[in-house]
Amino acid sequence: MHARSTTLTTLAATAALLTSAATATAADQPLSHPRIAAHFSLAAEQQPENITVDRTGSAYLTFSFARQIVRVSPDGHQQVLATLPAPAKANTPNLGKAFVGGIARADDGTLYVTYATGTADLTGVWAVRPGGRPHRIAALPADGLPNGLALDGRQQRLYVTDSVHGVIYRLPADGGKATVWARGEALEPSTFAGANGLKLHDGAVWATNLDKGTVLRIPITPRGTAGRIEVHASGMPSIDDFAFTGHGDTLLAARDDNQVDLVRPDGTHTAVLTAADGLQTPTSVAVHGSKVYVPSAAYLTNADPNLLVAHLDR
């Protein structure tokens, strides 16, 4: 999700000095050969917020303000799979307008997304089965901002971050009541948005805090409850969502300040993609085999929302 609006002028001015590149210019190890695989329409509010990838390499994206779920095939073809219903009058906290956030995909092709409208009738977790229409499977507080989403396929549970309330919810994947699974100061916002990106990895729930620039690890206890929140990494302002590379706890994190960081198991981090590679307010990351996918929403640059693909050196 986009960072504090007070940074808009500075970042937009910086972005104006940079040009989007379709070839490698600044990627650092372990990434190489970044290219823009797809461009989207800013005028149509096609601003990608989150991503998941299937076995074929097709990417599934949420277009946050267009309220759409879109499939982008490996050859760049774009297909709108669903559009979520518009609220009569959006009153979404911090944003004002309707916002489609996180996305997760089940093995049967069902797509799950978070949706925030500021209204009780629409805010929550929605599902779209292959060839079906979107329908809400769980309500969430209208005064919150559901954002990141992760699916536990074995336990058939979904986890959701709320960036305003600073909590993580859990609910059955087939629908039902959502309950607060984790809460604590480390998840809470300090100025704009707290708990944001979300992934399940190695027996724990991992999350980011946008305001505090942290990556958090929350162990799942044998009873399924949340363990103590651990700060895994810090010092990454405006961190959004992330993905693990497949090398232990090493991950790639998108930052709203036009940067993707490689975060090592010891918590140290280095920029591996920048605006020189074509990033325009990157929002999330997906890793599929030797490919890394980074959608850019252009929230702060107001230019060229896109999908970048890079090679992950093994």
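This is a predicted model: local features need pLDDT of at least 70, side-chain atom pairs count only at pLDDT 80 or more; totals for chains, interfaces and linings use all residues.
**Notebook: one chain, looked up bit by bit**

I started with burial: 56% of the 314 residues in the protein chain are buried (buried is under 20% relative accessible area, exposed over 50%, partly exposed in between, with a 1.4 Å probe and protein chains only).

Residues are numbered from 1 along each chain as its sequence is written, and side-chain values use heavy atoms, with hydrogens and water left out.

**Overall build**

I looked up the secondary structure and got 1 helix and 24 strands (DSSP runs numbered from the N terminus: helices are H or I with at least four residues, strands are E with at least two). The radius of gyration is 18 Å, close to the 20 Å from the globule rule for 314 residues, so the chain is as compact as a globular protein of that length. That radius is taken over C-alpha atoms, and the rule is 2.2 Å times the number of residues to the power 0.38. Along the principal axes, the C-alpha atoms fill a box of roughly 45 × 45 × 40 Å.

Next I checked contacts (heavy atoms within 4.5 Å). Of those between residues at least 6 apart in sequence, 48% join residues at least 24 apart.

Most residues other than glycine have a negative phi, so I went after the exceptions. Arg67 has a positive phi of about 65 degrees and is not a glycine; I found Arg67 in the loop between strand S3 (59-63) and strand S4 (68-72). Asn258 has a positive phi too, about 60 degrees, and lies in the loop between strand S19 (251-255) and strand S20 (259-263). Is Asn258 buried or exposed? I have Asn258 down as buried, at a relative accessible area of 10%.

**A stop at Ala271**

Ala271 is in strand S21 (residues 269-274). With 27% relative accessibility, Ala271 counts as partly exposed. Which residues does Ala271 touch, leaving out those up to four places away in sequence? I listed Asp28, Gln259, Val260 and Asp261. I also checked Ala271 against Ala254: they are 17 residues apart in sequence and 9.8 Å apart in space, C-alpha to C-alpha.
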